[in-house]
2 protein chains.
Amino acid sequence: MAAMPGKRMLRALSGERLDKPPFWLMRQAGRYLPEYREIRSQAGGFLDLCFSPKLACEVTLQPIRRYGMDAAILFSDILIVPHGLGQKVAFKEGEGPVLNPVRSASDLGQLSLDGFHERVAPVYETVSRIAEALPKETTLIGFAGSPWTVATYMAEGGGSKEFVAVKRWAYGDPEGFGQLIDMLVEATISYLSRQVEAGAEVLQLFDSWAGVLPEPGFRRWCIEPTRRIVGALKAKHPGVPIIGFPRGAGTLYAAYAAETGVDAVSLDTAVPVAWAAETLQTTLPVQGNLDPILLVAGGEALDREIDRILNGFSGGPHVFNLGHGVTQTTPPEIVDRLARRLRAGG
Amino acid sequence: MAAMPGKRMLRALSGERLDKPPFWLMRQAGRYLPEYREIRSQAGGFLDLCFSPKLACEVTLQPIRRYGMDAAILFSDILIVPHGLGQKVAFKEGEGPVLNPVRSASDLGQLSLDGFHERVAPVYETVSRIAEALPKETTLIGFAGSPWTVATYMAEGGGSKEFVAVKRWAYGDPEGFGQLIDMLVEATISYLSRQVEAGAEVLQLFDSWAGVLPEPGFRRWCIEPTRRIVGALKAKHPGVPIIGFPRGAGTLYAAYAAETGVDAVSLDTAVPVAWAAETLQTTLPVQGNLDPILLVAGGEALDREIDRILNGFSGGPHVFNLGHGVTQTTPPEIVDRLARRLRAGG
């Protein structure tokens, strides 16, 4: 394919193979950066930071200034959607999120799409501010959690290891649980659509807990709702690429890529590069999938893995990224080493 | 294949397709059973229970009495091996295991294979007792953790979400980390060999954290050490089948099944049945893979999933099991429902 004008991230997502793939890093804005910790300490709670357009814009830009990634991702959280639906969401320092759980169809009465946009309005303002402030070559990514993953937090009341509450509901009352999923599908379409109207040029759907379901559940609660979201967004905003991230999907990455309508898939660390190049990248762009702990380890192991991933995906469209988010103990100078190599083309 | 005499579990593991597949459940002895909680409360700490041949034998037998599984698995823990190597291991109520971490080659001086068997001797006595006490149709499974998974606990000092310490070591100093893996390979061979001599008829290797590594790490730290363990055990005890459980391996289940020499693979919940039947079961028996949370949910969803798994694996050798261990809140009567169906053949 001949080189096209335009932002490198958008070119890769449109299917162009670039000699130097664009890159960004999941959770590139965050605690590993001293300038983030500085802002974070001014902001009060984590939700206050997400809901301060000025500060959320600032932390979104921080990694771009340091490392010149090809894309910036809105600084926010996947639990903004339950908050927007009226569920009580709190972030406790060092403990992760705590939600007042919803575990049955009758609990859904506490939630509502009415007033959703008012409750999350600062996020849209943050998107506008970032869109204005970004360098012209940098792409702005908006995002949301996928319905299944968001539902796990809503039903468990926070993070989980075994997913007993959400699965008990989904398995025991699939129709009632389906009402929650329907509500999340609708909210997510509307939420992401507004992000696009505010300036997001690409969208990513994070299905972080896609990998804990057996195949029928994966098809029903991950693929199907994603397909509906992607369909509705494509109807409204046909030019905006959507990246899907069904983390842990294993062999079912193939079904997800073929059936949801996403424009690209983001690969977790465990997905073998050769398999993905052959099975996925022949039909759509892939994003990934360096182990984030290599940004803690650094050294030769990091260099070797960068080479392996660049080489393995060099035959088709590729966005270089991690297989999971940057971790908190990452030394910023190792991220710099990665960024220098990627900007130089490997 | 014509019906052969002998225990149903051993027949399935030798490659025979049985109309009624044998079954057992990972973590079938445990907290969900009131009779287990009763013994547990007498035993002092969790390690005291593992090291009491009388009590460990008793809790191993409890689920067999209730449900008539085709196999009993030694009641023990994968952290018995680090304990045997001299690492300090404690189980804190409600917190999981706590180990004094080893994080570099120089820390390995604290560990030693000398005295290993003395430190874990009660386990061998437990195996002998179970072997004597089991009904004649029931197969006794011995087990150990796989080196990678055991190493994660040894380096992290307990459970982990991100595996920063163990990966930093493995990536940053693969030779030093390789010394730990070598020590674990040797200890595991010797430990499992003694279990066979005490009466174990089948062995299972649990690689619970196989799914957190990129492919090169999976090959080096999961496949390769497993291959060495299997090779040595096959040389000593050629008639004893070995089941490998590389949880979360995704598409790499195929490489694991082809390259380690295991006789059968245990499948996690996310492995699609049709994929496994086509890719794995055509070359070796498969075990699995009901979502354990269906034993909390029960009802139609459970029945449907039992049918789906039985049908999907009906074309070849299959051991019915879960995709992960029985969870603590499982109602014993739902396990009874599963067991009745499986004993009746579906």
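Two residues are in contact if their C-beta atoms, placed from the backbone, lie within 7 Å. This is a predicted model; local features need pLDDT of at least 70, side-chain atom pairs count only at pLDDT 80 or more, and totals for chains, interfaces and linings use all residues. Residues are numbered from 1 along each chain as its sequence is written, with chains lettered from A and ligands numbered from 1 in the order in which they are written.

**View 1. The interface of chains A and B.** On chain A, 32 residues are in contact with 32 residues of chain B. H8 (164–172), H12 (273–279), H13 (294–297) and H14 (299–312) of chain A each supply at least two residues of the side touching chain B. H8(A) gives the most, 5 residues. Of the interface residues of chain A, 100% are also interface residues in chain B, so the copies meet through the same surface.

**View 2. The axis relating the copies.**

**View 3. Helices H4 and H6 of chain A.** Helices are DSSP runs (H or I, at least four residues), numbered from the N terminus. The axes of H4(A) (residues 53–67) and H6(A) (residues 116–133) come within 8 Å and cross at roughly 45 degrees. Residues making the contact include A:Ala56 and A:Leu61 of H4(A) and A:Pro122 and A:Ile130 of H6(A).

Methods:
Axes are lines fitted to C-alpha atoms, for helices over the stretch in contact, and angles run from 0 to 180 degrees between N-to-C directions.
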